[in-house]
Amino acid sequence: MSIKSIKVIAIADDDSRVGHLSPDYDVDLLIGLGDLYDVTLEKAIDLYAPEHVLAIRGNHDVITAFPRPTIDLHCVVVERLGLRFGGFAGSWQYKRQGNHMYMQEQAYELMADFPAVDVFIAHNSPRGIHERDVGTHQGFDAFLDYIDRVQPRYFLHGHQHCETISYRGQTCIIGVYGEKEIELKAY
């Protein structure tokens, strides 16, 4: 079995912390994990010249289409570079008004039949994993159920302002704050 290494730069949550990497390789994929201005995403695209760009919106983002060539992965599955990617925008609804916010029950409904993917990207984390607090930064229970049900290889998220790696079963859960170089394995 041949293993292919996919070079990724993931960005999330802090525009001032994006655009400072100098990778010594060609970037295969740029992943946006939310709470970033579109101009920051465009800057990262220009700087890193990725082959593909996948993203989801965060709870502080606008409700508009992403700039080209970015593919919005909210509740969508695409195949790129030999891996299946899926995603979910936004966070737990911790205030009355705002964009891309969901109650726990709404997240369950949207995730109930979500197909298996190799890499799941989200703004929010799974409940109890990498949470800063249980109020504003509460993770989604539906993500825990999804991970337990399909065991994606990777689950990348922003929102929690952490740079932490954890595991649940076989799933590698990676918290991103600012920007992070990640190497994904495709089998």
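Reader: Let's start from the rule that a salt bridge is a side-chain nitrogen of Lys or Arg within 4 Å of a carboxyl oxygen of Asp or Glu. How many salt bridges does a search of the whole structure find?

Author: Seven. Keep in mind that this is a predicted model.

Reader: OK. Which residue does Asp38 form a salt bridge with?

Author: Arg57. The closest N and O atoms of Asp38 and Arg57 are 2.7 Å apart, so the pair falls within the 4 Å limit.

Reader: And where do the two residues of that pair sit in the chain?

Author: In distant parts of it. Asp38 is in helix 1, which covers residues 38-48, and Arg57 is in the loop between strand 3 (52-55) and strand 4 (71-72). That puts them 19 residues apart.

Reader: Arg57, buried or exposed?

Author: Buried, with a relative accessible area of 3%. Asp38 is partly exposed, at 22%.

Reader: Next one. What does Arg153 pair with?

Author: Arg153 forms a salt bridge with Asp118, and here the closest N and O atoms are 3.5 Å apart. Arg153 lies in the loop between helix 3 (141-150) and strand 10 (154-157), while Asp118 is in the loop between helix 2 (104-111) and strand 9 (119-122), so the bridge ties together parts that are 35 residues apart in sequence.

Reader: How do you class Asp118 at 18% relative accessibility?

Author: Asp118 counts as buried, because the cut-off for buried is under 20%. Arg153, at 27%, counts as partly exposed.

Reader: Helix 3 again, then. Which residue is the salt-bridge partner of Asp148?

Author: Arg168, with the closest N and O atoms 2.7 Å apart. Asp148 is in helix 3 and Arg168 is in strand 11 (residues 165-168), so to speak another link between distant parts of the chain, 20 residues apart. Asp148 is partly exposed, with a relative accessible area of 41%. Arg168 is partly exposed too, at 30%.

Reader: Which residues are linked in a network of salt bridges?

Author: Lys7, Glu183 and Lys185.

Reader: Switching to the backbone. Which residues does a cis peptide bond join?

Author: Arg68 and Pro69, with omega about 10 degrees. Pro69 is in the loop between strand 3 and strand 4, and that is also the loop that holds Arg57.

Reader: How many bridges join strand 3 to strand 4?

Author: Two, and these strands run parallel. The bridge partner of Ala55 in strand 4 is Asp72.

Reader: Which way do the side chains of strand 3 point?

Author: His52 and Leu54 point one way, Val53 and Ala55 the other. All four of these are buried.

Reader: Which residues are the closest to its centre?

Author: Gly34, Leu36, Leu41, Ile56 and Phe66, out of 13 residues that line the cavity.

Reader: What's the lining like by class?

Author: Eight nonpolar, two polar and three charged residues.

How values were computed: Residues are numbered from 1 along each chain as its sequence is written. This is a predicted model: local features need pLDDT of at least 70, side-chain atom pairs count only at pLDDT 80 or more; totals for chains, interfaces and linings use all residues. Side-chain values use heavy atoms; hydrogens and water are left out. Helices (H or I, at least four residues) and strands (E, at least two) are DSSP runs, numbered from the N terminus. Buried means under 20% relative accessible area, exposed over 50%, partly exposed in between (1.4 Å probe, protein chains only). On a 1 Å grid over the protein atoms alone, a cavity is a set of points where a 1.4 Å probe fits but cannot get out, and a pocket is an open set with protein on both sides within 12 Å along at least five of seven lines; lining residues have an atom within 4 Å of a point. Ala, Val, Leu, Ile, Met, Phe, Trp, Tyr, Cys and Pro count as nonpolar, Asp, Glu, Lys and Arg as charged, and the others, Gly among them, as polar. Two strands pair if DSSP finds at least two bridges between them.
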